[in-house]
Amino acid sequence: MKTLRLFSLIALMITICLQGFAQTGRPAVQQKRIAHGVQNGELTRAETRQLAREQRHIRHKKRIARADGVVTPGERREIRQDKRQASRHIARKKHNRRKRY
């Protein structure tokens with residue numbers, strides 16, 4: 001009985017720890033799109049750098065918005081707009097016929 005409790009507790013702790021590492025949502029999808037573009041040669045080095053910089057900027061904005069404990073509707077709208085714009089930039093740069101050789 002004690003070993004069953006011990007294994008249950010360990011399994012619960014592992015599950016909780018791994019949930020923090022799983023990245024979901026739009027940022028994860030955008031990172032995968034960028035990585036796919038790099039793998040296929042659809043993105044040049046400069047384009048990849050620009051897109052990565054844009055993703056860092058969005059993460060920074062989110063961090064700043066959360067710093068005071070409350071994300072206002074205006075901040076949320078601005079971040080969402082930046083994410084949409086970044087998504088459009090990824091699509092444009094992947095399909096602009098410039099190849100990484």
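Begin by selecting Asp-82, which counts as buried at 13% relative accessibility, where buried means under 20% relative accessible area, exposed over 50% and partly exposed in between (1.4 Å probe, protein chains only). The model is predicted: local features need pLDDT of at least 70, side-chain atom pairs count only at pLDDT 80 or more, and totals for chains, interfaces and linings use all residues. Residues are numbered from 1 along each chain as its sequence is written, and side-chain values use heavy atoms, with hydrogens and water left out.

Asp-82 belongs to helix α4, residues 73–94; helices (H or I, at least four residues) are DSSP runs numbered from the N terminus. Next, display the surroundings of Asp-82: apart from neighbours within four places in sequence, Asp-82 is in contact with Ile-58 and Lys-61, contact being heavy atoms within 4.5 Å.

Now select Lys-61 together with Asp-82. The two form a salt bridge whose closest N and O atoms are 2.5 Å apart; the term denotes a side-chain nitrogen of Lys or Arg within 4 Å of a carboxyl oxygen of Asp or Glu. Because Asp-82 lies in helix α4 and Lys-61 in helix α3, this pair ties together parts that are 21 residues apart in sequence. Salt bridges that share partners join Lys-61, Glu-78 and Asp-82 into one network.

Lys-61 is partly exposed, with a relative accessible area of 22%, and Glu-78 is partly exposed at 40%.

Move along to Lys-94, which forms a salt bridge with Glu-42, the closest N and O atoms being 3.8 Å apart. Glu-42 lies in the loop between α2 and α3 (45–67) and Lys-94 in helix α4, so the pair ties together parts that are 52 residues apart in sequence. Glu-42 counts as buried at 17% relative accessibility, as does Lys-94 at 14%. The structure holds four salt bridges.

Finally, select helix α2 (residues 26–40) beside α4. The two pack at an angle of about 15 degrees, with axes 11 Å apart, and are therefore roughly parallel to each other, a label for angles under 35 degrees. The contact includes Arg-26, Gln-30 and Ile-34 of α2, and Arg-80, Ala-86 and Lys-94 of α4.

Definitions and conventions. Axes are lines fitted to C-alpha atoms, for helices over the stretch in contact, and angles run from 0 to 180 degrees between N-to-C directions. Angles under 35 degrees count as roughly parallel, over 145 as roughly antiparallel, 65 to 115 as roughly perpendicular and the rest as oblique.
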